[in-house]
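Trainee: Could you take me through one part of this model up close? I'd like to look at the place where the two chains meet, and what each side brings to it.

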Amino acid sequence: MRRALVIAMTLAVAACRAEARDDYLGDKEPQRFGIGHTPTPAEVAALDIDVSPNGAGLPAGSGTPEQGATIYAAKCASCHGKNGEGMAPAYPQLVGGPKGVFNFASDYKIPRTIGNYWPYSTTLFDYIRRAMPLTAPGSLTADQTYALSAYLLNREGLLPAGATLDARSLPAIQMPARSHFVPDDRRGSTGGPKVR
Amino acid sequence: MAETTSSISRRKLITGAAVAAGGVLLTNLPGADAQQVTKVPAPPPASPVAPDDPTKVPGAPTTAVGERSPFVHPQRAPVGEITGTSLTPLQDLTGTITPSDLHFTRIHAGIPTIDPTKHKLLIHGLVDRPVEFSVDDLKRFPAVTRVHFVECSGNGRAAYRTPKPEMTPQQVDGMTSNSEWTGVPLATLFREAGVQTAAKWFLAEGGDASLLDRSIPVSKGHDDALVVWGQNGEPLRPEQGFPIRLLLPGYEGNANVKWLRRIKLGAEPFMTRWETSKYTDPLPGDKIRMFSFEMDAKSIITSPAYPERLTGPGWWPIRGLAWSGRGRITRVDVSTDGGKTWLAAELLTALTNKAHVRFEHMWQWNGNESLIMSRATDDQGYVQPTMAQLKAVRGPGTDYHFNSIRAWRVARDGVVTFEANT
């Protein structure tokens, strides 16, 4: 019995070996291959444009809602509408969704806008900087991006008129939807087949 | 003489290729006004003429690049311009592999034209050694080749919200496709960079004009994530991320960042637009689920389906596709009586992890009106829910992950129409 078990285990190990890669000719795969190039700090900085909720990555600069209104009219309104109402289906509504109600699952037509759906204010800066305007992404300065963020937050009642938005004040803005977001719980604490 | 013939055929070939590529080529040309390119699919060419007896005349010469039979015209259904989608014609596919030129696409700032000799992948952040790889560098690492599906998590939205009897499998679920991918495990690159234990998330950023970025758990990188350059035996197509894309088996399509150019390791998620404003799931009550990456088990019958018509009672194959983002499909059941009774379908292909599986059930149709449907089960024990079950837990206004059982109504005259409410 015990002997049979040993034989079975040996066979199992042999089977694993047979499945393993055989093209290292006996050499173990190294921890590192040493392939690639070490970038300079400047090379990293040129690409390192993301902004985190704590404000990490926000550049110097500032802007006000009033400055943003002018830029919005010139560069954004043609797609997102004069008043941020959007143009379905490609260009989303930005502002003016219902406030204080979060039952979005009851009707897909409830507008999801920055003020009632976006959980982090920093996302606004990050997204505008990397992707907008659609036909000239990356063309806005840091000041213009702060100003546009300030304008949209002001339109949603989250920043007073005349306020200056910068690397310190932007991450401090608490977004109304923040507490409504929950991590994926479809598997529950124990996994399994439940439909959630 | 031989040279003349050869140059004529080459010119003909190039012209043919340009016509076949249609609007896609035009939108890629720098300076072309993408917004003016028509997105209406080109009509199929005029009916081809075959000789009465093909065995009595010599056939066509060999060609540098093969083409489909002139009798066959599968087409994606492109919608939108700089931002847009194109849907895989599921009803035209056989087996499990989606031809690369029919793989669905979802683009947010057009399809970039990238010179592979200039493209780099940077890995930095919470790593011991920031490192930058050229595409050739990546190809020096030990490679793997695996079959996986990619499905947009918005797949099935129209069927969930605004179903119509006249919907084809392509219109219902055409944002899932299945390919053989070749690349390097992200875990290998993580070791190369020395990912620190404090790193719990990584930002994956694409090199398109939207610089699309998503936060992914580092555990996925150590598990089965790949950086791929090959698809179905050739380099990635531009619309699939040429020269490299992230491939996260089983995760919603948007997270499989195309034209991958940067990976940054961090302690927390970065909360990009694509994981907050979009790709989040409102739930009944006032909650919004985020980071719902895995695509739950799903199946769809691709034949018979609208606009097919059964010509009469008798034996008919019911065929379709099943897949799960959480593991392997273990069974697919088929019902021909609206879900009252179920029978196990034949699984025709390998039960590959996080990949499409082809199923078939031979059905003896008696000519009565019938409601046929399929139900997938995966190795986690998860069973594809009905529409009623899914709507109860997600609400009618939820925005992604529409994996309810799909049905087709076969009328007495053989006409087949879509039925979403199961």
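This is a predicted model: local features need pLDDT of at least 70, side-chain atom pairs count only at pLDDT 80 or more; totals for chains, interfaces and linings use all residues.

Mentor: Put together, chain A and chain B bury about 5,400 Å² between them, and carbon and sulfur atoms account for 55% of that. Three residues stand out on the chain A side: A:I35, A:R186 and A:V195 supply 14% of the area that chain A buries against chain B, more than any other three residues. Counted by contacts, the interface pairs 59 residues of chain A with 69 residues of chain B.

Now the polar side of things. There are 30 residue pairs in polar contact between chain A and chain B, with both partners at pLDDT 80 or more. The salt-bridge rule finds ten bridges across this interface.

As for which elements of chain A do the touching, α2 (41-47), α6 (122-131) and β3 (181-183) each supply at least two residues of the side facing chain B. The largest share comes from α6(A), with five residues. Sorted by class, that side of chain A has 30 nonpolar, 13 polar and 16 charged residues.

Of its 422 residues, 54% are buried. The accessible surface of chain B comes to about 17,600 Å², with 56% of it belonging to carbon and sulfur atoms.

Technical notes: Residues are numbered from 1 along each chain as its sequence is written. Chains are lettered from A and ligands numbered from 1 in the order in which they are written. Side-chain values use heavy atoms; hydrogens and water are left out. Buried means under 20% relative accessible area, exposed over 50%, partly exposed in between (1.4 Å probe, protein chains only). Accessible areas come from the Shrake-Rupley method with a 1.4 Å probe; for residues, only the protein chains shown count as cover. Contact means heavy atoms within 4.5 Å. Buried area is the accessible area (1.4 Å probe) that two parts lose on being put together, summed over both. A salt bridge is a side-chain nitrogen of Lys or Arg within 4 Å of a carboxyl oxygen of Asp or Glu. A polar contact is a pair of N or O atoms within 3.5 Å; within protein, one must be able to donate a hydrogen and the other to accept it, and residues adjacent in sequence count only if both atoms are side-chain atoms. Helices (H or I, at least four residues) and strands (E, at least two) are DSSP runs, numbered from the N terminus. Ala, Val, Leu, Ile, Met, Phe, Trp, Tyr, Cys and Pro count as nonpolar, Asp, Glu, Lys and Arg as charged, and the others, Gly among them, as polar.
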